[in-house]
Amino acid sequence: QVQLVESGGGLVQAGGSLRLSCTASGSIFSINAMGWYRQAPRKQRELVATITSGGSTNYADSVKGRFTISRDNAKMTVYLQMNSLKPEDTAVYYCNAHLSTDSRGAVFRYWGQGTQVTVSS
């Protein structure tokens, strides 16, 4: 059984910062890409940032220069440092990981339960 558990969400004023964490646990053989997505009310889930096992990153245009994704492979944890937050960043943020549960190499996508980020104006 694989779990992704997020933490670090909350309420912050515009211009403030938050740091999200997501830790994978369970029967995991290897983790490939990890990432963060978000879903605002009445909107579709959208990509925020991704990071490969080698550390290559990709960001949505709306967060470039403000958010930083990083990971600690030994801890099976991905982070999202969010600075200069705006009200439009308000959403439920979901952690995502592509991982294998055994040496046969089949890769599956897992999601966390989500953490609420609310930015007040």
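Colleague: Leaving aside neighbours within four places in sequence, which residues is Ser30 in contact with?

Modeller: Keep in mind that this is a predicted model. Ser30 lies in strand 4, and at 26% relative accessibility Ser30 counts as partly exposed. Once its neighbours within four places are set aside, the contacts of Ser30 are Leu99 and Ser100.

Colleague: And Ser100, is that one buried or exposed?

Modeller: Ser100 is found in strand 9 and touches Ile28, Phe29, Ser30, Gly105, Ala106 and Val107, not counting residues up to four places away in sequence. The cut-off for buried is under 20% relative accessible area. Ser100 has 4%, so Ser100 is buried.

Colleague: How far apart in space are Ser30 and Gly105, C-alpha to C-alpha?

Modeller: Ser100 touches both Ser30 and Gly105. In sequence, Ser30 and Gly105 are 75 residues apart. In space, C-alpha to C-alpha, the separation of Ser30 and Gly105 is 8.6 Å.

Colleague: Let's move to Thr77. Which side chain does the side chain of Thr77 join in a polar contact?

Modeller: Thr77 sits in strand 8, residues 77-82, and is buried, with a relative accessible area of 5%. Not counting residues up to four places away in sequence, Thr77 touches Cys22, Thr23, Ser70, Arg71 and Asp72. The polar contact between side chains is 2.9 Å, and the partner of Thr77 is Thr23.

Colleague: Asp72 is in that list of contacts too. Which backbone nitrogen does the side chain of Asp72 reach?

Modeller: Asp72 lies in strand 7 and counts as partly exposed at 25% relative accessibility. Beyond four places in sequence, Asp72 touches Thr77 and Tyr79. As for the side chain of Asp72, at 3.1 Å it reaches the backbone nitrogen of Ala74.

Colleague: What is the C-alpha to C-alpha distance between Asp72 and Thr23?

Modeller: Thr77 touches both Thr23 and Asp72. Asp72 and Thr23 are 49 residues apart in sequence. Their C-alpha to C-alpha distance in space is 9.5 Å.

Colleague: Which residues are linked in a network of salt bridges?

Modeller: The structure holds five salt bridges. The network is made up of Arg38, Glu46, Arg66 and Asp89.

Colleague: Arg104 forms a salt bridge too. Is Arg104 buried or exposed?

Modeller: The partner of Arg104 is Asp102, with the closest N and O atoms 2.7 Å apart. Asp102 counts as partly exposed at 24% relative accessibility. The cut-off for exposed is over 50%, and Arg104, at 74% relative accessibility, counts as exposed.

Colleague: What about the largest pocket: how many charged residues are in its lining?

Modeller: About 220 Å³ of space lies in the largest pocket. Its lining has 15 residues, and Arg38, Ala40, Lys43, Glu46 and Glu88 lie nearest the centre. By type, the lining has four nonpolar residues, three polar, and the charged ones number eight.

Colleague: Last one, on the backbone. What is the phi of Met76?

Modeller: Most residues other than glycine have a negative phi. Met76 is found in the loop between strand 7 and strand 8 and is partly exposed, with a relative accessible area of 26%. Phi of Met76 is positive, near 50 degrees.

Notes: Residues numbered from 1 in each chain as written. Predicted model: local features only at pLDDT ≥ 70, side-chain atom pairs only at ≥ 80, totals over all residues. Heavy atoms only, no water. Helix = DSSP H or I, 4+ residues; strand = E, 2+ residues; numbered from the N terminus. Buried < 20%, exposed > 50% of the residue type's maximum accessible area, 1.4 Å probe, protein only. Polar contact = N/O pair within 3.5 Å; in protein donor to acceptor, adjacent residues only side chain to side chain. Contact = heavy atoms within 4.5 Å. 1 Å grid on protein atoms, 1.4 Å probe; cavity = no way out; pocket = protein on both sides within 12 Å on 5 of 7 lines; lining within 4 Å. Points joined across faces, edges and corners; volume = space filled by probe spheres on them. Nonpolar A, V, L, I, M, F, W, Y, C, P; charged D, E, K, R; others polar. Salt bridge = Lys/Arg side-chain N within 4 Å of Asp/Glu carboxyl O.
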